[in-house]
Amino acid sequence: MKEWTREERYRRLKDPQELWAMHEEISKSDYRQAFHIQAITGLINDPNGFVWHDNKWHLFYQWCPWGAVHGLKYWYHIVSKDLVTWKNLGVCIMPDREYDNYGAYSGSAMPIGDSLYLYYTGNHRDPDWTRHAYTCLAKLRDDGWTEKYPLPLFGTNPDYTEHQRDPKIVYKKELGRYFIVLGAQTKDKRGCAIIYSSDDLLHGWNFAGELKVPGFEHFGDMWECPSIEHIGGKDVLLFCPQHLKIEGRGGTFNHNGYILGEMDWASLTFNPAGRFHILDRGFDSYAAECANNVQDPDKAVLIAWMGQPDVSYPTDEENWSGCLTLPRELTIRGRRLIQQPLPELKQLRDEEFNLQNYHPGDVEKLPRVSEVELYCRPGDLKMDLFTKEDGTGGFQIHYSEMTHDICIDRSHMTRRINPEAGESRVRNLPQGLQHLRIFIDRSSVEIFVNDGDVVFTSRVFPVTDEAYFTMYGDAFLRMWKLKPAVQDTLVV
Ligand code: FRU
């Protein structure tokens, strides 16, 4: 694995031509995605500033151009009319000021009238490498660049460590106030969220207090990307607690999850109505962001980084890493969030495969870019994707009628990813298994179980002979080839 020097990681991008050769090489990779958002070169991590504005969806993401490394971060801008097909617009926020000289870190967007305001963390380093975080504001200009406010809105609160970042901006109409929720770490190394408020988007931001979440005072040592959403009359606190051991998550210590409850903005208290739930039960999902202004009060749209901090992937050697998940429609059912593929995704369905003569146990060719749907009758079920021609190996999805457990297992693939963190994940389905919808791209598998009740998102890197599937069990199986939806054009 390549060792990066600090100079290499934080090298500034001066001219798009610097990326041409790298992009050309990368675009030949067998693992480039066809319908998932990915960076033109280098590393993509958190989605930022997800919002509907000016008749289109805007999404920005954390981008480090040089390779699979968390170095100097830019905000890269993409747009879509339908959340399915996306267009690259290029770099939008450059880390070019004193206050963001070592990265324009994650944040969110707020549309006001014709303007779109972007709130982000300016990651500043002193010459002795001491870190300071600033909450910064930039306004999107018509030409795609941003006009930065000359000074940050505020710096770090001295009562917490320097880990204060990822501003999520919210407006509370009933209070006539704006709030910024930030991820933070207390001096005794507890993860938390802190809140600033103002009655003006651009000025007068004051520290309002630490978010109180009774029962979650000792829950990881840092909370990244916190946000408080209002969906279907309930409040949802989404965040990524770090360095925390959670049962059933193997050796993964950074999680993305949520708590349902009620938010009292006056006392800055989030009263949980239940436990912390993992948002996605697969291996690779983190830093989810909800779009800020979905019109339907019962729904939200969420997108996440299909990756994890500190994990290496086979494409690291090809100088690129990561992609984003499919955007999902979020609703609340009972005491849980439900994540469903957006209805618009059906547009991607191309030719449907004729599987009328398929018998359980048959081994068939698996198209690399496809959707699989299974209507399952009671009983055990096995769906193995990317098997060899004899049906062995593969990415295995097994359901046991006896235990009601569904298990995904990627340990049988030739290319193993992060085996130290565990290669299988299990989820109990008290109501049994009725339905699976599986989206397969060139290097990922997203599984929506029982209409979005449980989701497993994982990267997978099949080699040439891992090109088949096999299924055992009593299920009605459908399969479509999907059309590509993201372009791999080099726009910087
Ligand atoms: C989460 C995160 C954020 C930070 C960003 C930097 O993945 O660590 O907390 O703002 O990534 O790229």
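This briefing describes the sheets, the ligand site, the nonpolar core and selected residues of one structure.

The model is predicted, so local features are reported only at pLDDT of at least 70 and side-chain atom pairs only at pLDDT 80 or more, whereas totals for chains, interfaces and linings use all residues. Residues are numbered from 1 along each chain as its sequence is written, and side-chain values use heavy atoms, with hydrogens and water left out. Helices (H or I, at least four residues) and strands (E, at least two) are DSSP runs numbered from the N terminus. Two strands are taken as paired if DSSP finds at least two bridges between them.

**Sheet β5-β6-β7-β8**

- Four strands make up this open sheet, in the order β5-β6-β7-β8, and their pairing is antiparallel.
- Strands β5 and β8 (146-148) are at the edges with a single partner strand each, so one side of each has no neighbour in the sheet.
- From one strand to the next, the twist averages 30°; the axes behind such angles are lines fitted to C-alpha atoms, for helices over the stretch in contact, and angles run from 0 to 180 degrees between N-to-C directions.
- Strand β5 (residues 104-112) is joined to β6 by eight bridges in an antiparallel arrangement, and G107 stands opposite Y120 in β6.
- The hairpin of β5 and β6 has two residues between its strands, and G113 has a positive phi near 55° there.
- Nine bridges link β6 with strand β7 (residues 131-140) in the antiparallel sense, with R125 opposite R131 in β7.
- Five residues separate β6 and β7 in their hairpin, where W129 in the turn has a positive phi of about 75°.
- Strands β7 and β8 are paired antiparallel over three bridges; the bridge partner of K139 in β8 is E147.
- In strand β6 (residues 115-125), 11 of the 11 residues are buried, so the strand is largely enclosed by the rest of the structure. Here, buried means under 20% relative accessible area, exposed means over 50%, and partly exposed lies in between (1.4 Å probe, protein chains only).

**Sheet β9-β10-β11-β12**

- A further open sheet has four strands in the order β9-β10-β11-β12, paired antiparallel.
- Its edge strands, β9 (160-172) and β12 (206-210), each pair on one side only.
- The twist in this sheet averages 30° from one strand to the next.
- Strands β10 (residues 177-186) and β11 (residues 191-198) run antiparallel and are joined by eight bridges; I180 has Y196 in β11 as its bridge partner.

**Ligand site**

- Around the ligand are N45, D46, Q62, K73, Y105, S106, R165, D166, E224, Y286 and W305, where a residue counts as near a molecule or strand if one of its heavy atoms lies within 4 Å of it.
- The side chain of D46 has an N or O atom 2.8 Å from an oxygen atom of the ligand.
- For R165, a polar side-chain atom is 2.8 Å from a ligand oxygen atom, and for D166 the corresponding distance is 2.5 Å.
- The ligand taken alone exposes 320 Å², of which the protein buries 91%; accessible areas come from the Shrake-Rupley method with a 1.4 Å probe, and for residues only the protein chains shown count as cover.

**Nonpolar core**

- The largest nonpolar core has 43 residues, and I37, F50, L59, Y61, W63 and W86 have the most contacts inside it. Such a core is a set of buried Ala, Val, Leu, Ile, Met, Phe, Trp, Tyr and Cys residues joined through side-chain atoms within 4.5 Å.
- Elements that give two or more residues to this core are α2 (20-26), β1 (42-53), β2 (56-64), β3 (74-80), β18 (286-290) and β19 (300-305).
- Strand β2 provides the largest share of this core, five residues.

**Selected residues**

- R32 lies in the loop between α2 and β1 and counts as buried at 5% relative accessibility.
- The side chain of R32 reaches the backbone oxygen of A39 at 2.8 Å and makes a polar contact of 2.9 Å with the side chain of D488. A polar contact is a pair of N or O atoms within 3.5 Å; within protein, one must be able to donate a hydrogen and the other to accept it, and residues adjacent in sequence count only if both atoms are side-chain atoms.
- Most residues other than glycine have a negative phi.
- N55, which is not a glycine, has a positive phi of about 65°; N55 is in the loop between β1 and β2 and is exposed, with a relative accessible area of 53%.
- F386 also has a positive phi, near 60°; F386 is in strand β25 (residues 370-387) and counts as buried at 1% relative accessibility.
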